[in-house]
Amino acid sequence: MPKDRRSPGPAPRPVPEGLDEVDRKLVQLLTADGRMPNNALAEAVGIAASTCLTRVRSLRERGVIRGFHADVDLTALGQPLQALIAIRIGAHSRDEIDRFRTKVPRLPGVLSLFHVSGANDYLLHVSAATPDALREFVLDHLTADPAVSHAETSLIFEHVRGIPDAHHSPTSHPAGR
């Protein structure tokens, strides 16, 4: 690959600097409850409400907090079935990858698209109403796509969301510790 070509996907964002313990605690609390009121956040971390508001605004402006999302009960929406679909792209041309990355997140039932390393190129998290609907999704949108050379579906039996620890992340310690 020529030196002036970047890898597929958006350009990496620089890691925000200057996160102190208060910032990390605010992120941890908001990850657990994105609707936590400002006065409760301020009290939990031991700062004034005005200071808390300023810090949360700064975390958003610096890209540490990218947004607030609803944790939706997919069963209540008639989409009780979830799956991860491992996808391999046949031809790794920039145009095909860009087309795939643009198209797939807009498909019905798509929850997340992950670009990964290893034997597969992408993991696709989807929801569906029934096993038949899931099969139709794979046939209509993935195996019919000329860029896709392989799609392997794994049903999700249970999904438990993790809560990032403000002090310890998977990258904060060398392997083996």
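Q: What makes the four strands an open sheet, and in which order do they stand?
A: In this predicted model, the strand order is E2-E3-E1-E4, with antiparallel pairing. Strand E2 (110–115) and strand E4 (148–156) are the edge strands, each pairing on one side only. On average, neighbouring strands are turned by 20° against each other, direction ignored.

Q: How do you know that strand E1 pairs with strand E3?
A: Pairing requires at least two bridges between two strands. Seven bridges join E1 (residues 81–89) to E3 (residues 122–128), and the two run antiparallel, so they count as paired. Leucine 81, for instance, stands opposite alanine 128 in E3.

Q: Which strands does helix H4 touch where it packs on the sheet?
A: Helix H4 (residues 94–103) touches E1, E2, E3 and E4, and its direction makes about 25° with that of E3. Helix H5 (residues 131–143) also lies across E1, E2, E3 and E4, running at about 20° to E1.

Q: Why is the pair of phenylalanine 100 and tyrosine 122 called tilted?
A: The ring centres are 5.1 Å apart, and the cut-off for a pair is 6.5 Å. Phenylalanine 100 lies in helix H4 and tyrosine 122 in strand E3, 22 residues apart.

Q: Why are phenylalanine 100 and tyrosine 122 called buried?
A: Buried means under 20% relative accessible area. Phenylalanine 100 has 0% and tyrosine 122 has 2%, so both count as buried.

Note on methods
Residues numbered from 1 in each chain as written. Predicted model: local features only at pLDDT ≥ 70, side-chain atom pairs only at ≥ 80, totals over all residues. Heavy atoms only, no water. Axes fitted to C-alpha atoms, helices over the stretch in contact; angles between N-to-C directions. Contact = heavy atoms within 4.5 Å. Phe/Tyr/Trp six-rings, centres within 6.5 Å; stacked < 30°, edge-to-face > 60°. Buried < 20%, exposed > 50% of the residue type's maximum accessible area, 1.4 Å probe, protein only.
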